[in-house]
Amino acid sequence: MSNQVNFGEGKINDNYPSAIKTMLEQGKDPKDLLIQYCRPQCKWYDDKYDRCVKAFLSLKNADPEKNCMYPYRDLVTCVEACVQPKIQHALKGNEHGFIFH
C-alpha cells in the first residue's frame with residue numbers, strides 16, 4: 001500500500017526523502033506535508049483524542065480544549081516523533097547521520 005499525500009503544490013509518497021530535500025532546496029517548509037503523512041501512523045492517539053472531545057462535548061459548559069490536553073499532547077508527540085527525524089535527515093550537513101562532529 002502506497003502512502004501518498006497531496007498538499008498544495010507539494011506531493012509526498014513512500015519515497016519522501018527526495019521530496020523533502022527538494023522542498024528544502026526550494027526554501028519550502030515540508031513540515032505541514034509530513035504531518036499529513038505521519039498522522040495516520042498515530043491513529044491510536046488520534047482516536048483517543050477524538051473520544052475525549054466527544055465525551056466533553058456531551059457535557060454542558062465543558063471546554064474540550066482544556067480538558068483533553070493530555071490526549072492531545074500525546075497525539076502531537078507521536079506525530080512530531082515521526083516528522084522531526086525525516087526533516088533532520090534531509091538537512092544539509094547531515095549526510096553522515098549527524099550535523100555536529
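Trainee: Which residue just after H1 takes a positive phi?
Mentor: Before we look, remember that this is a predicted model, in which local features need pLDDT of at least 70, side-chain atom pairs count only at pLDDT 80 or more, and totals for chains, interfaces and linings use all residues. Residues are numbered from 1 along each chain as its sequence is written, and side-chain values use heavy atoms, leaving out hydrogens and water. H1 covers residues 16-25, and the residue just after H1 with a positive phi of about 80° is Gly27.

Trainee: What pattern does the chain follow along the sequence?
Mentor: Start with the elements: the chain has five helices and two strands. Both kinds are DSSP runs numbered from the N terminus (helices are H or I, at least four residues; strands are E, at least two). Read along the sequence, that gives β-β-α-α-α-α-α.

Trainee: Is Glu25 buried or exposed?
Mentor: Glu25 sits in helix H1. Its relative accessible area is 63%, so Glu25 counts as exposed.

Trainee: How far apart in space are Glu25 and Lys92?
Mentor: Along the sequence, 67 residues separate Glu25 and Lys92. From C-alpha to C-alpha, their distance in space is 9.4 Å.

Trainee: Within what arc do the buried residues of H1 fall?
Mentor: The buried residues in H1 are Ala19, Ile20 and Met23. Look down the axis, taking the directions from the helix axis to the C-beta atoms. Those residues line one face of H1, because they fall within an arc of 100°.

Trainee: Which residues are buried in H2, and what arc do they cover?
Mentor: Helix H2 runs over residues 31-38, and its buried residues are Leu33, Leu34, Tyr37 and Cys38. They sit on the same side of H2, because around the axis they cover an arc of only 130°. A bit of background: an α-helix has 3.6 residues a turn, so residues three or four places apart point the same way. Back to your arc around H2: 130°.

Trainee: How is H1 placed relative to H5?
Mentor: H1 and H5 pack with their axes 9 Å apart, at an angle of about 65°. Axes are lines fitted to C-alpha atoms, for helices over the stretch in contact, and angles run from 0 to 180 degrees between N-to-C directions. Angles under 35 degrees count as roughly parallel, over 145 as roughly antiparallel, 65 to 115 as roughly perpendicular and the rest as oblique. So relative to H5, H1 is roughly perpendicular.

Trainee: Which residues of H5 make the contact with H1?
Mentor: Contact means heavy atoms within 4.5 Å. From H1 come Tyr16, Ile20, Lys21 and Leu24, and from H5 come Lys86, Ile87 and Ala90.

Trainee: Is Lys86 buried or exposed?
Mentor: Lys86 belongs to helix H5. Leaving aside neighbours within four places in sequence, Lys86 is in contact with Tyr16, Ile20, Leu34, Tyr37 and Cys38. At 17% relative accessibility, Lys86 counts as buried.

Trainee: At what angle do H2 and H5 pack?
Mentor: The contact brings together Lys31, Leu34, Ile35, Tyr37 and Cys38 of H2 with Val79, Glu80, Cys82, Val83, Lys86 and Ile87 of H5. Here the axes are 9 Å apart, and the angle is about 130°.

Trainee: How many charged residues are in the contact of H3 with H5?
Mentor: H3 (residues 43-57) and H5 (residues 69-90) have axes that come within 9 Å and cross at roughly 160°, which makes H3 roughly antiparallel to H5. Tyr45, Asp46, Lys48, Tyr49 and Cys52 in H3 meet Pro71, Tyr72, Asp74, Leu75 and Cys78 in H5. Ala, Val, Leu, Ile, Met, Phe, Trp, Tyr, Cys and Pro count as nonpolar, Asp, Glu, Lys and Arg as charged, and the others, Gly among them, as polar. By class, that gives seven nonpolar and no polar residues, and the charged number three.

Trainee: What is the relative accessibility of Asp46?
Mentor: Asp46 lies in helix H3. Not counting residues up to four places away in sequence, Asp46 touches Arg39 and Leu75. Asp46 counts as buried because its relative accessibility is 16%.

Key
Buried means under 20% relative accessible area, exposed over 50%, partly exposed in between (1.4 Å probe, protein chains only).
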